[in-house]
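Thanks, everyone. I have one structure to show today. Please bring it up on your screens.

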Amino acid sequence: MLKKELSCFICRELLYEFVINELDGLRAERVTHHVEGCQDCKRELSSITQAKKYLNRLSNIQINPNYCHQLMAPSNKTIWQKMFLWKSWPDPLRWTFESLVVASVVAIIISLFAQNFVGSRPKTLKPTPPQATTVAINTDSLPDLTPSEFGEEEFTDHANDAELPHPVSMATPLDKRVPSPEPEESVVTAIKSSEEISDTEVVSLRKDSENLTSRETGYLYRASFRVTDIEGVTNELIDKIQQLDGKKAGSVQLGWRRGSGSYFHFSLPERNYPLISDHLKKYGVASVAKEKNPRIMPQGMIRMIFEVEGSDTIERGLGTKFEPPPDQIESPQPESPSSEELQNNEGAGLEQE
Amino acid sequence: MVTEAQTKAVSLFFFYAFLEEALANSATKHCLRQISKDKEIRTDADAIIYWTHYSWKKFFKKAKLVSIGLERMYVLSQDMDFEPWKQLRKEVSNDEYLATIWTCILGYHTNAISSALNITQGTINHRVSAALRKLGNFVSTGEPNAKKRA
């Protein structure tokens, strides 16, 4: 029976098992036979044998008994102590925790810095006391708040525009005040919707409305009535208003005459309101309407508008209301009243007087 | 519960794996902790081979291959020469190195290593054979230089 010769490659692979006596009989015999005839494989076998002896010596190392007991001793650390053993944490967990700590510290520093930066800026949300409003408003220089019924052309009859103070100059005392937190555009829009405020006053009120919040609002006292003697009543009212320390609140003089009526726009000490109210009863005015108005008067002062119409306009058939300029007519003019209606109205007017 | 035999085996493994006292100590404690928490049913050999391999993978990157303070933890004889072993560590791959420790130093059979690591027995034998051939060359260069330790 021909025995297959082992190759050197196969022999080398089997040498370790041959050394540790793991080979079966047949293979061991073949390895032995090959090694006897092959110097390289004999050398390999010698190396493995010597290495095995060397490692056997190394395996005789003993562990220090104290160290062994130390390893076997149960840990006295509590769970919390073990949690804070930083080096024993897995690397990904440790890195994640470190990154979170760094990120939180950076976030805290940024937030503190932002707060300090915001806090150092001048505060804009503090409302100014009412007295500041009192100082700012110059009633003599404010443009006339005439009703829209007079039409825009009426404003040309007022004091020269050059005399009207520039809104910025008016705001000289206002400069010391804190600017309003509300956007100026919204305030302007709200003010423009009022019938009584001109465009020029929008700018002034923009400075003046620093204290204008949704909680604060001014009031306007308004009365409209008809008299037969427009001239006499006008002069009488002028004297009475001046007697009660009233002053014009717009650019037109007290009792401004235009067409068929006279117009009074003035400010009055609030304490004298009952007196002027009683005086109006003389002309048949039972009560004075109080309307909300964005313009806020100084404390202790009120603003009033009287619209006095002469009863001779009724006779001339000019209607009972002030006629707006033609370009402002939005609806057809009412028909002139009949003679019977005029007589009835005249009687009513006389009764009022 | 870890036995004394397991403790010695694990400690010896990491001693030869790292030849560095601090690292060997840390790795030993880590491995023993894993063995104590292991809930799978394994033989002693399987448990030691599996968890030493597991812990070695976590710590081997920190190894500096420098012998540092070995006397405190281990009892070393005067004629012990570690130079061939250090040389072997540089020449062979990690798989051959570990297989040599398990088989020739700790004395585990290749079957145990094969079942613990799910590797064929032939592969284990090949790795060990290759490592021993190289180690034999380092050993057979001359008489071993016995370094006397004070």
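Some ground rules. This is a predicted model: local features need pLDDT of at least 70, side-chain atom pairs count only at pLDDT 80 or more, and totals for chains, interfaces and linings use all residues. Residues are numbered from 1 along each chain as its sequence is written, chains are lettered from A and ligands numbered from 1 in the order in which they are written, and side-chain values use heavy atoms, with hydrogens and water left out.

The interface comes first. Three residues stand out on the chain A side. Tyr16(A), Tyr54(A) and Ile61(A) supply 21% of the area chain A buries against chain B, more than any other three residues.

Now the polar side of it. The rule finds 5 residue pairs in polar contact across the interface, both residues at pLDDT 80 or more. A polar contact is a pair of N or O atoms within 3.5 Å; within protein, one must be able to donate a hydrogen and the other to accept it, and residues adjacent in sequence count only if both atoms are side-chain atoms.

Glu44(A) pairs with Arg133(B), with the closest N and O atoms 3.3 Å apart. The rule for a salt bridge is a side-chain nitrogen of Lys or Arg within 4 Å of a carboxyl oxygen of Asp or Glu.

β1(A) and strand β1 (residues 74-75) of chain B run antiparallel, joined by 2 bridges. Two strands pair if DSSP finds at least two bridges between them. Ile63(A) stands opposite Tyr74(B).

On to salt bridges in general. Over all chains, the search finds 15. One of them joins Glu231(A) and Arg257(A), at 2.6 Å from N to O. Glu231(A) lies in helix α11 (residues 230-243) and Arg257(A) in strand β4 (residues 256-258), so the pair ties together parts 26 residues apart in sequence. Another joins Lys282(A) to Glu236(A), with the closest N and O atoms 2.1 Å apart. Lys282(A) is in the loop between α12 (273-281) and β6 (289-293), while Glu236(A) is in helix α11, 46 residues away. There is also a network: Arg222(A), Glu291(A) and Glu307(A) are linked by salt bridges.

Chain B next. It has 7 helices and 1 strand. Along the sequence the pattern is α-α-α-β-α-α-α-α. Of its 150 residues, 53% are buried. Buried means under 20% relative accessible area, exposed over 50%, partly exposed in between (1.4 Å probe, protein chains only).

Last, strand β5 (residues 261-269) of chain A. Is this strand mostly covered or mostly open? Mostly covered: 9 of its 9 residues are buried. Tyr263(A) and His265(A) are among those pointing one way, Phe264(A) and Phe266(A) among those pointing the other.

What does β5(A) pair with? Strand β3 (residues 247-248) pairs with β5(A) over 2 bridges, antiparallel. Here Lys248(A) stands opposite Phe266(A). β4(A) pairs with β5(A) over 3 bridges, also antiparallel. In that hairpin, with 2 residues between the strands, Gly259(A) takes a positive phi near 70°. Strand β7 (residues 301-310) and β5(A) share 9 bridges, again antiparallel. In β7(A), Ile302(A) is the bridge partner of Leu268(A).

That is my tour; I'll take questions.

Conventions. Buried area = accessible area lost by both parts, 1.4 Å probe. Helix = DSSP H or I, 4+ residues; strand = E, 2+ residues; numbered from the N terminus.
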